[in-house]
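Hi,

Here is the structure I said I'd pass on. Have a look at it first, and my notes follow below.

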Amino acid sequence: MISAARPLAILSALAEEQAGLVDQLQGAQRVTHAGREFWQGALDGLPVVLALSRIGKVAAATTSAALIERFGVGAIVFTGVAGGVGRNVQVGDVVVGTGYVQHDMDASPLFPRYQIPLTGQTAIGADAALARALVFACVVGLQGVQHAGRAPMVHQGLVASGDRFVNGQEETARIVDTLRLHGHEPLAVEMEGAAVAQVCHDYGLPFAAVRAISDRADDTAHADFPVFVRDVASVYARRIIAEFVRTCQDSQPRL
Ligand code: SAH
């Protein structure tokens, strides 16, 4: 699933999510590169590089390329938050992406809507084994956790990324309806996943991501988002990654 010879990159979207991981990093070494901080070390004995993606597709792509070229990572796993747009996707749930599409990619009529020009690709799939391991890590890691009186549901499906914090019912409806019109059924919107997926696809690296749902991408999203990040997202990220690292350790010889 992940290479024993190359470290695993764990990308977080937000400093709050990364903090708990840096605290647990064994042999932590901080390296500044491309104006970003990277943390090399081990989590539970598993060699990792921790980084913040930064916000938006270009920033996340730069971070991903640096992780691959400069730090030689063998796979990228991403934790972040997102707006829930799927019918049953509620605040406090998590979405593990099976595919990633850029909802703001539109080079039509030169290329079909949503297609990444010159690649023939529209949605880029996550690595199936990594995504499965993330689903397992969510189910086990979030056992006993409640948000707003209910246990978080673990969803799997399409994630739509774009350079826009989506916070309005009308805007969400426009994005979702247009995606549906083209045969895509998104569960969540965020700002980085499809970019990281594309970079990993170009380099032939496994990629998977999990997003805790911080808001419903509606008129109250900007108010819901910071509270969730502060109180909930960091806890989710820590529990999910701890379980994920354990799963990786079980599935390969100890390093
Ligand atoms: N105030 C924040 C900025 C957050 S931008 C800060 O200073 O750090 C929103 C982040 O959460 C992005 O990483 C994006 O991927 C995700 N996100 C959460 N809800 C979203 C929504 N409704 N639309 C788009 N991105 C969302």
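Which of the 18 residues around the ligand come nearest? They are Val166, Met191, Glu192, Arg211 and Asp215, where a residue counts as near if one of its heavy atoms lies within 4 Å of the molecule.

Before the rest, some housekeeping. This is a predicted model, in which local features need pLDDT of at least 70, side-chain atom pairs count only at pLDDT 80 or more, and totals for chains, interfaces and linings use all residues. Residues are numbered from 1 along each chain as its sequence is written, and side-chain values use heavy atoms, with hydrogens and water left out.

Aspartate 215 has a polar side-chain atom 2.7 Å from a nitrogen atom of the ligand. Arginine 211 puts a polar side-chain atom 3.2 Å from a ligand oxygen atom. With glycine 83 the backbone is involved: one of its polar backbone atoms is 3.4 Å from a nitrogen atom of the ligand.

Now the helix packing. Helices here are DSSP runs (H or I, at least four residues) and strands are runs of E (at least two), numbered from the N terminus. Axes are lines fitted to C-alpha atoms, for helices over the stretch in contact, and angles run from 0 to 180 degrees between N-to-C directions.

Helix α3 (residues 128–141) packs on helix α6 (residues 221–250) at about 125°, with the axes 8 Å apart. The two are therefore oblique to each other (angles under 35 degrees count as roughly parallel, over 145 as roughly antiparallel, 65 to 115 as roughly perpendicular and the rest as oblique). Their crossing is right-handed, which is to say that the near helix is turned clockwise from the far one by less than a right angle. The contact (heavy atoms within 4.5 Å) includes Leu130, Phe136 and Val140 of α3 and Ile240 and Phe244 of α6. By class it has nine nonpolar, two polar and two charged residues; Ala, Val, Leu, Ile, Met, Phe, Trp, Tyr, Cys and Pro count as nonpolar, Asp, Glu, Lys and Arg as charged, and the others, Gly among them, as polar.

α6 also meets helix α1 (residues 15–24), where the axes come within 7 Å and cross at roughly 40°. That makes α1 oblique to α6, and this crossing is right-handed. Among the residues in contact are Glu16, Glu17 and Leu21 of α1 and Val229, Arg238 and Ile241 of α6.

Helix α2 (residues 57–69) and helix α5 (residues 193–203) cross at roughly 35°, their axes coming within 8 Å. This crossing is right-handed.

Last, the backbone. Most residues other than glycine have a negative phi, and most peptide bonds are trans. The peptide bond from serine 108 to proline 109, however, is cis, with omega near 5°. Proline 109 sits in the loop between β6 (94–102) and β7 (124–125). Leucine 118 is found in the loop between β6 and β7, and it has a positive phi of about 70° although it is not a glycine.

Cheers

Terms used
Polar contact = N/O pair within 3.5 Å; in protein donor to acceptor, adjacent residues only side chain to side chain.
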